[in-house]
Amino acid sequence: MIRKIVIAPIRFYQHFISPLLPPSCRYYPTCSAYTVQAITKHGAILGILMGIARILRCNPFVRGGYDPVPDHFSLRRNEQDKQHD
């Protein structure tokens, strides 16, 4: 129940605000999709923390690329992606 309440504003952003803005996320999945996946996988509190960390990583000074939600809680970029570089 709490997860649905926390995800609702993100879904609102994805459907009504994001289409009005130019694409700017440097990662795949996008930061909002990543946050929803993190909340679904790790719960509301940890998922929100992971989403915030992801948004802070998404800036013009990073390369970006594929960065899926890790199976275990982490505020860092998914280590599996680094192995494929």
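A contact means that heavy atoms lie within 4.5 Å. By this definition, residues 24 or more positions apart account for 60% of the contacts in the protein chain with a separation of 6 or more. The structure is a predicted model, in which local features need pLDDT of at least 70 and side-chain atom pairs count only at pLDDT 80 or more, whereas totals for chains, interfaces and linings use all residues. Residues are numbered from 1 along each chain as its sequence is written, and side-chain values use heavy atoms, with hydrogens and water left out.

**Overall fold**

- The protein chain contains four helices and two strands, where helices (H or I, at least four residues) and strands (E, at least two) are DSSP runs numbered from the N terminus.
- Read from the N terminus, the order of the elements is α-β-α-α-β-α.
- The protein chain has a radius of gyration of 13 Å, close to the 12 Å that the globule rule gives for 85 residues, so it is as compact as a globular protein of that length. The radius is taken over C-alpha atoms, and the rule is 2.2 Å times the number of residues to the power 0.38.
- Along the principal axes, the C-alpha atoms of the protein chain fill a box of roughly 35 × 30 × 15 Å.

**Surface and charge**

- Of the 85 residues in the protein chain, 36% are buried (buried means under 20% relative accessible area, exposed over 50%, and partly exposed in between, with a 1.4 Å probe and protein chains only).
- The protein chain exposes about 6000 Å², of which carbon and sulfur atoms supply 65%; accessible areas come from the Shrake-Rupley method with a 1.4 Å probe.
- There are 11 positive and 5 negative side chains in the protein chain, and the centres of the two sets lie 8 Å apart. Lys and Arg count as positive and Asp and Glu as negative, while His and the chain ends are not counted; the charge is placed at NZ of Lys, CZ of Arg, CG of Asp or CD of Glu.

**Aromatic pairs**

- Two aromatic pairs are found in the whole structure (rings of Phe, Tyr and Trp, the last by its six-membered ring, pair if their centres lie within 6.5 Å; planes under 30 degrees apart count as stacked, over 60 as edge-to-face and the rest as tilted).
- F12 and F16 form a tilted pair, 5.1 Å centre to centre with 40 degrees between the planes.
- Both F12 and F16 belong to helix 1 (residues 2-17) and are four residues apart, about one turn of the helix.
- F12 is partly exposed at 48% relative accessibility, and F16 is exposed at 54%.
- The ring centres of Y28 and Y66 are 6.2 Å apart and their planes are at 25 degrees, so this pair is stacked.
- Y28 in strand 1 (residues 27-28) and Y66 in strand 2 (residues 65-66) are 38 residues apart, and the pair links distant parts of the chain.
- Y28 is exposed, with a relative accessible area of 57%, and Y66 is partly exposed, with 48%.
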